[in-house]
Amino acid sequence: MLALLSSVLLVAAFVKANDNPDHNSLSDNFSRLGVSDIFNAVSSCGTKGPASCHGSDTAGSCCYESPGGLLAQVQFWDTNPATGPADNWTIHGLWPDHCDGTYKVNCDKSRHYTNLGSIFDNAGRSDLREFLSKWMLPNNESPEKFWQHEWNNHGTCVTTLSPKCLPSGSARGTEAVYYFSRIASLFQTLPTHEWLAKHDINPTGDRTYTIDEFTNAIQAEWGYAPAMDCNKDGEIYEIYYYFNLKGSMIDGEFVPRGTLLRKFPR
C-alpha cells in the first residue's frame, strides 16, 4: 500500500466507536509506569559516532545499526474494529528498514519467542507487559501474538540487539525486553492525537482532511514530515515516524528524519 503524500482528500470518519474507560491518558500511563526507565542499561557504545545511514557500512557492529538503519516508529488508528482508547493512537511497531527503504523480515528464526509476556515478567518487567497490553494492541488476535509477530518479523533484524551485543550473562530473550522498552519510550515522545488536535484535526464524521493538512500539522510539532497510510475507504489508519540511530538500540539516541515516499507491504 502506498504511503500517500499528495493532497488527496481523506475520509475524516476516523472516529473510534468505543471510549474505553480503562485507558488513562498516554502521559498518565507513562508517568505511572516509568516506561522511560523500564529496563535501564548501558551498552558502552555512547552516541558520539555517526547516525545509522550516515556512516560507513559497519554491518555486524554492536554500536552502528546496519543494514536496518532507517527506523520507522509506526502507530495505528484502528476503527474497524475500534481498538485502543478513543483519544490516542496505539503502537504498531518499530521497523529497522534499510537506508534505501527496502527491508528484510524474520532475520533470525532461532530467536522466534512465543512467551514474551513471561520473558518480561522474568526480567522483572511486568510493568512493560501491562503497558503494552494497553498501548500495543492488535485488531484480530491476542496482544501477545501481535507482539510475537512484531518481534519475529522486525525485532530479530535489529543488529545491535544481536546476542553477541548483550551484556554478559543475559538471559534468553533479554534483547526482546530492550526492543519493546525502546518502542514504549519512543512512543511516549510522539503524541500524535495531541499534535493533530492542536491544529484542529480531530476524529469526526463531519469533515475531511487532506494528507497535506495531516503532515503539515505533525511537521509543525515534531519538526519533520511523517508518512501516513489510508485504508480502502480513504480513512487514515497509520502514521510512520522515521529515525536514524546513534549507537545501540539498547541505549542509543533516536535522530528524527523526514519520510521516504515508498510502499509498505507489511
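These are my notebook entries on a predicted model of one protein chain.

**Ground rules.** I number residues from 1 along each chain as its sequence is written, and side-chain values use heavy atoms, with hydrogens and water left out. Because the model is predicted, local features need pLDDT of at least 70 and side-chain atom pairs count only at pLDDT 80 or more, while totals for chains, interfaces and linings use all residues.

**Whole chain.** I looked up the secondary structure and found 7 helices and 7 strands. Helices (H or I, at least four residues) and strands (E, at least two) are DSSP runs, numbered from the N terminus. From the N terminus the order is β-α-β-β-α-α-α-α-α-β-α-β-β-β. The chain has 266 residues, and 50% of them are buried; buried means under 20% relative accessible area, exposed over 50%, and partly exposed in between (1.4 Å probe, protein chains only). Of the contacts (heavy atoms within 4.5 Å) between residues at least 6 apart in sequence, 73% join residues at least 24 apart.

**Strand 2.** I checked residues 70–76 and found 7 of the 7 buried. Both faces are covered, with L70, A72, V74 and F76 on one side and L71, Q73 and Q75 on the other. For pairing, DSSP must find at least two bridges between two strands. Strand 2 pairs with strand 3 (residues 90–97) in the antiparallel sense over 7 bridges, and F76 stands opposite T90 there. Strand 2 also runs antiparallel to strand 6 (residues 236–246), joined by 6 bridges; in strand 6, F243 is the bridge partner of L71.

I looked up D100, which lies in the loop between strand 3 and helix 2 (116–122). D100 is exposed, at a relative accessible area of 59%.

**Cores and helix 5.** A nonpolar core here is a set of buried Ala, Val, Leu, Ile, Met, Phe, Trp, Tyr and Cys residues joined through side-chain atoms within 4.5 Å. The largest one has 50 residues, and L116 and F180 touch the most other members. Helix 5 gives this core its largest share, 9 residues. Leaving aside neighbours within four places in sequence, L116 is in contact with E144, W147, Q148, W151, A176 and F180. I also found a second, separate core of 7 residues, including L70, A72, W95 and Y240.

Helix 5 (residues 174–188) has 15 residues and reaches 22 Å from first C-alpha to last, close to the 21 Å expected; the expected span is 1.5 Å times one less than the number of residues. I counted 14 of its 15 residues as buried, so helix 5 is largely enclosed by the rest of the structure.

**Helix 7.** Helix 7 (residues 211–222) has 12 residues and reaches 16 Å, close to the 16 Å expected. Its buried residues are I211, F214, T215, A217, I218 and W222. Seen down the axis, these fall within an arc of 160 degrees, so they line one face of helix 7. The arc is that of the directions from the helix axis to the C-beta atoms. G223 follows helix 7 and has a positive phi, near 100 degrees.
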